[in-house]
Amino acid sequence: MGEIRTIGLLTSGGDAPGMNPCIRAIVRTATAEGINVIGIRRGYQGLINGDFYQMDSNDVNGLSCKGGTILYTARSDEFRTDAGLEKAANVCRDLRLDGLIAIGGDGTMKGAAELAKRGVKVVVIPGTIDKDMGCTEYTIGFDTASNTAIEAIDKLHDTGQSHERVSVVQVMGRHAGHLALYIGLASGASAVLLPEKEFDLEEDVISVIRRGCLYGRRHHIVVVAEGVGKLTELSKKIEEGTGLETRVTVLGYIQRGGAPSARDRVCGCMMGVRALDCLKNPKLGNRVIIVKNGTFNDMPLEDAVDHARVFNESMFVACDRIDNSYQSKKR
Ligand code: F6P
């Protein structure tokens with residue numbers, strides 16, 4: 001391992017539960033090894049603005065159980081411009097950073113790749129509830145967000161049962177349906193609508209609910225990924241087609257908050273320590289920390305950026321088969 005003296009640390013894009021334990025792991029490990037950690041507030045915009053401070057071990061006390069990010073986060077339009085990128089790279093040089101750790105999602109990774117082209121050594125830690133980065137099997141925050149959504153949907157089950165209603169629940173995920181699929185499977189949804197899969201509302205939702213009604217089940221959950229859109233229109237059509245009242249719930253930002261689950265805490269710690277090791281290793285260039293075959297690993301940033309997203313087909317098939325189970329009972 002080579003000598004590094006100072007590193008920068010930032011969180012960028014949407015916050016995700018587990019970012020704070022990850023920050024804690026990096027700061028604690030680095031300071032114990034005599035490495036200075038410059039905390040950059042408000043992501044890449046903070047880098048451009050020179051919004052930073054020297055972190056020490058005490059700054060991260062009690063962070064294991066805290067959602068959000070003490071470094072704040074932002075989405076920066078300026079950072080997408082050449083001038084903004086130049087400014088950010090110059091700040092890294094002025095600070096004499098031996099490397100920068102950026103925790104965030106797809107946009108954060110693309111931003112890091114641009115900084116790397118301008119000579120900044122970067123390591124990216126995937127942190128997003130969307131789990132929409134093809135390079136890794138897991139991103140910090142996904143587990144907590146799923147659990148939060150499932151807990152909320154369990155409550156919707158209760159009121160839906162009392163009123164014999166269909167709950168149409170929108171979950172986050174931006175353009176990807178990973179979160180919705182996982183939540184749909186875990187919450188026993190009658191149907192899950194995803195941007196990756198074309199659907200026929202009559203066949204895939206309305207008739208499934210109607211069959212359920214034949215067997216006395218008059219409350220249903222339909223999970224809709226944010227990327228599908230047209231929530232109100234879908235809900236109206238479901239109501240018309242099934243004859244059951246429908247209600248729409250948008251889970252929204254509650255999925256991004258809350259104490260991180262054990263998985264997200266552990267993932268934050270493991271990824272944080274590995275990111276530091278990547279920066280310390282002079283043989284390694286710019287890296288992304290990943291989970292591959294269930295194990296923590298790292299890969300070159302330039303390969304990770306181009307990695308296609310992987311859709312979990314077998315989970316979709318399982319979800320679809322369970323949703324349609326009323327069909328077999330009818331025979
Ligand atoms: O990327 C995480 C995420 O929560 C997405 O699921 C959602 O589409 C987006 O961020 C919302 O972004 P913002 O916080 O900028 O409104």
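Lys117 sits in helix H4, residues 106-117, where helices are DSSP runs of H or I with at least four residues, strands are E runs of at least two, and both are numbered from the N terminus. This is a predicted model, in which local features need pLDDT of at least 70, side-chain atom pairs count only at pLDDT 80 or more, and totals for chains, interfaces and linings use all residues. Residues are numbered from 1 along each chain as its sequence is written, and side-chain values use heavy atoms, leaving out hydrogens and water.

**Salt bridges**

- The model holds 21 salt bridges (a side-chain nitrogen of Lys or Arg within 4 Å of a carboxyl oxygen of Asp or Glu).
- Lys197 and Glu313 form a salt bridge at 2.7 Å, N to O. The pair links distant parts of the chain, 116 residues apart: Lys197 is in the loop between strand S7 (191-193) and H7, and Glu313 is in helix H11 (residues 313-323).
- Lys197 is partly exposed at 22% relative accessibility, and Glu313 is also partly exposed, at 39%.
- In the salt bridge between Lys237 and Glu233, the closest N and O atoms are 3.4 Å apart. These two residues lie four apart in helix H8 (residues 231-242), so about one helical turn separates them.
- Arg247 and Glu245 meet in a salt bridge of 3.6 Å, N to O.

**Around helix H7**

- Glu203 lies in helix H7 (residues 201-214) and is exposed at 53% relative accessibility.

Terms used. Buried means under 20% relative accessible area, exposed over 50%, partly exposed in between (1.4 Å probe, protein chains only).
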